[in-house]
Amino acid sequence: MKSTKHLHFFVFINSISALLLFCTSADHADHSTKTSIVFTTLGRSNYAFDIYTLPTSWDPPANARELRITDGRSVNFNGHFPSAPSLSVLPLAPNQTPALHLVYVTERNGSHSIYLDAVYNDAPDHTRKRSALEGPGRILGRVQLPLVGDEVLGSGRISMKDRPSLVGEYLIYVSTHENTGVPRTSWAAVYSTHLENGLTRRLTPYGIADFSPAVSPSGVWTAVASCGEKGWNGEVEELNTDIYVFRTRDGSDRVKVVEHGGWPSWADESTIYFHRRSGDNWWSVYKAILPMNGRVSVDSVVTRRVTPPGLHAFTPAASIANKSFIALATRRAGSDYRHIELFDVVSNEFKEVTQPVSPNAHHFNPFISPDSNRVGYHRCRGASNDKQRKDLFLENLHNPIPEISLFRIDGSFPSFSSDGTRIAYVNLPGVFVANADGSGLRKVFKGNAFPTAWDKKRKGVVYTSWGPDFASEHTEVDVISINVDDDELNYKKLTTGGENNAFPSPSPDGKWVVFRSGRTGHKNLYIMDAVDGEIGGLYRLTEGPWTDTMANWSPDGDWIAFSSDRHDPGSGSFAMYMIHPNGTGLGKVVQSGSRGRVNHPCFSPDGKSIVFTSDYAAVSAEPISNPHHYQPYGEIHVIRMDGSGIRRLTHNSYEDGTPAWGPTFMEPVDIAWPIDNPQCSFSDCHWLRISPKTPNHEGMSLGSSKIQCSH
């Protein structure tokens with residue numbers, strides 16, 4: 001076996017080589033033939049997650065010292081404290097013993113990686129123990145080692161990573177790098193990578209998606225949450241997974257042990273804690289006891305509810321060294337935040353962990369140290385005086401197509417000016433315009449508006465729709481135009497009647513605007529005069545008892561792409577269609593399975609491809625492990641006009657949507673805000689209501705695909 005030093009050097013050199021290859025190819029690229037895509041991710045720009053730890057025993061809790069153990073720069077989450085037998089492959093600084101080791105997922109340089117950090121403090125050698133970690137000693141340094149992810153930088157192999165565990169020389173984790181080849185199926189699968197030679201083995205059977213892996217204390221078994229052969233059914237709250245167990249070595253002897261459960265965590269070789277939404281609608285933690293001898297099956301496994309009704313309890317972490325308690329996240333009545341608590345499984349009593357220390361923050365996905373003395377979790381680090389902090393207007397993401405520069409914008413419904421130098425977007429409420437480098441930010445409209453679209457001929461004219469989003473056919477919404485270059489900002493109302501007129505897209509000659517209207521009781525497409533609106537000319541493009549929406553005009557003027565549920569009206573399933581502006585040539589471009597969603601199409605500048613958001617790759621993680629996302633299946637894809645060559649651009653467990661395709665190549669670097677931007681302004685899962693009997697906002701199901709897709 002190679003020494004730790006050689007291992008560290010090997011990974012470092014491979015990462016640097018890939019980085020140099022990426023930078024060199026970008027520097028010498030012909031930018032005149034390349035373009036940029038900008039999209040939005042709900043709330044993601046404000047996450048700023050770091051991993052923190054607190055002791056599991058103290059009195060009183062307010063005296064505990066919360067310690068941040070990740071770097072305060074990246075988005076870091078879903079940690080794991082490796083056990084002592086796994087530490088032999090970890091890098092150690094000369095003559096020092098780390099205060100702790102941490103394996104975790106990190107989003108940096110626009111992609112997911114799994115890192116290992118060895119963290120050191122300033123305590124003298126003879127006092128370097130747990131008390132030093134919990135006391136006033138400052139962390140002075142760390143060794144950061146990329147385990148998987150960075151070594152493929154620039155290779156086109158982009159994927160999400162999740163829920164890592166270090167087992168000796170092997171890393172067990174979720175990755176989405178293998179295309180299933182089947183629409184509306186998840187790419188999430190569990191893999192094992194040997195850290196010495198990089199050999200990676202898929203542990204999840206092909207045709208199956210696995211989530212939230214947990215390795216048993218011996219390392220022999222791995223438990224996962226999985227939909228099995230039934231696949232994903234479109235759930236955006238609880239995935240209705242089951243718990244499966246298989247051999248960590250090679251994925252063999254796979255067996256279902258629990259029906260209806262997620263987020264497994266081992267207490268010992270025969271005890272698994274997990275969560276599920278109970279019959280009384282409270283999320284609760286359960287315990288499964290596997291038989292020590294004989295055949296293991298659902299029928300031979302005994303399960304019981306551990307946490308009581310009256311609060312939501314989820315994402316459990318079992319203590320291996322002390323089986324008397326578990327850690328979990330909770331949402332309690334009277335609290336707007338999820339917090340980490342300990343639950344004594346003997347006395348059935350809860351003990352607060354994070355609420356006394358940081359009461360006004362959401363805390364996610366606890367994990368316990370092997371000696372049971374620490375509990376880790378991640379939360380938003382919030383504002384900082386650190387000069388290295390960057391609040392990003394545009395975050396560059398690596399993607400598998402080098403001809404495209406991909407960015408996440410801190411806003412919604414972006415669009416490019418015809419020359420690509422400016423971007424308009426909405427912030428609900430308000431329409432904003434900024435230069436593509438983030439400068440010149442201006443608010444050009446105060447009302448609630450969606451989306452944005454620039455006129456192709458009249459410089460400075462932006463179209464939007466003014467009124468409530470996700471509204472019924474007869475809600476007052478109208479298309480307006482705004483000249484953002486006027487000294488006095490005014491808008492011009494182009495539609496009349498207010499029958500949910502929305503999603504305007506101008507023709508390339510600047511004469512017409514296609515839009516969606518509910519004036520007949522169904523949302524269909526219409527075309528009107530671009531300058532004078534309906535009074536200057538109006539004709540109906542589509543007609544039927546379905547929803548046609550989110551239209552986008554091709555650069556040559558020959559086609560209009562749009563989303564529609566006409567194949568199954570009212571189902572919430574949307575496919576992408578195209579039609580000529582004269583109403584001929586209607587055809588379907590792409591559908592995500594029989595019940596899937598394809599939304600917000602936008603043509604490439606050359607008119608040969610279309611970018612869109614879709615559940616084509618299903619979900620990649622249990623939604624409850626993240627902040628709130630209405631549509632956690634949303635990923636950005638591109639496809640040729642004829643429906644061939646679909647490519648997935650984004651890999652994460654968030655809601656990516658409303659993409660725009662610009663005519664110029666923007667340098668693939670992050671663009672910071674010119675002003676301080678609020679952090680941590682995101683919501684917890686809306687369906688984690690304080691009481692299961694409390695109705696959703698406005699009486700609607702916030703996970704309803706029909707409401708969310710039709711706007």
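Me: Is Cys 602 buried or exposed?

Reply: Buried means under 20% relative accessible area, exposed means over 50%, and partly exposed is in between (1.4 Å probe, protein chains only). Cys 602 has a relative accessible area of 12%, so this residue is buried. Cys 685, at 3% relative accessibility, counts as buried too. This is a predicted model, in which local features need pLDDT of at least 70 and side-chain atom pairs count only at pLDDT 80 or more, while totals for chains, interfaces and linings use all residues. Residues are numbered from 1 along each chain as its sequence is written, and side-chain values use heavy atoms, with hydrogens and water left out.

Me: How many disulfides are there, and which residues does the link join?

Reply: A disulfide is a pair of cysteine sulfur atoms within 2.5 Å. The count by this rule is one, and the link runs from Cys 380 to Cys 680, with S to S at 2.1 Å. The angle about the S-S bond is -85°, a left-handed link. The two cysteines belong to distant parts of the chain, 300 residues apart: Cys 380 is in strand β25 (residues 374–380), and Cys 680 is in the loop between β49 (671–672) and α3 (705–710). Such labels come from DSSP runs, numbered from the N terminus: helices are H or I with at least four residues, strands are E with at least two. Cys 380 is buried at 6% relative accessibility, whereas Cys 680 is partly exposed at 28%.

Me: What is the order of the strands in the open sheet of four?

Reply: Two strands pair if DSSP finds at least two bridges between them. Here the order is β16-β17-β18-β19, and the pairing is antiparallel. β16 (262–268) and β19 (302–305) are the edge strands; each has a single partner strand, so one side of each has no neighbour in the sheet. From one strand to the next the twist averages 25°, with axes taken as lines fitted to C-alpha atoms (for helices over the stretch in contact) and angles running from 0 to 180 degrees between N-to-C directions. Strand β18 (residues 283–289) is joined to β19 by four bridges. Lys 287 has Arg 304 in β19 as its bridge partner.

Me: Which residues lie nearest the centre of the largest cavity?

Reply: On a 1 Å grid over the protein atoms alone, a cavity is a set of points where a 1.4 Å probe fits but cannot get out, and lining residues have an atom within 4 Å of a point. Points are joined across faces, edges and corners, and a volume is the space filled by probe spheres set on them. There are nine cavities of 30 Å³ or more, and the largest has a volume of about 120 Å³. Of its 15 lining residues, Gly 110, Ser 111, His 112, Leu 397 and His 651 lie nearest the centre. The elements giving two or more residues to this lining are β6 (111–121), β26 (392–397) and β27 (404–409).

Key
1 Å grid on protein atoms, 1.4 Å probe; cavity = no way out; pocket = protein on both sides within 12 Å on 5 of 7 lines; lining within 4 Å.
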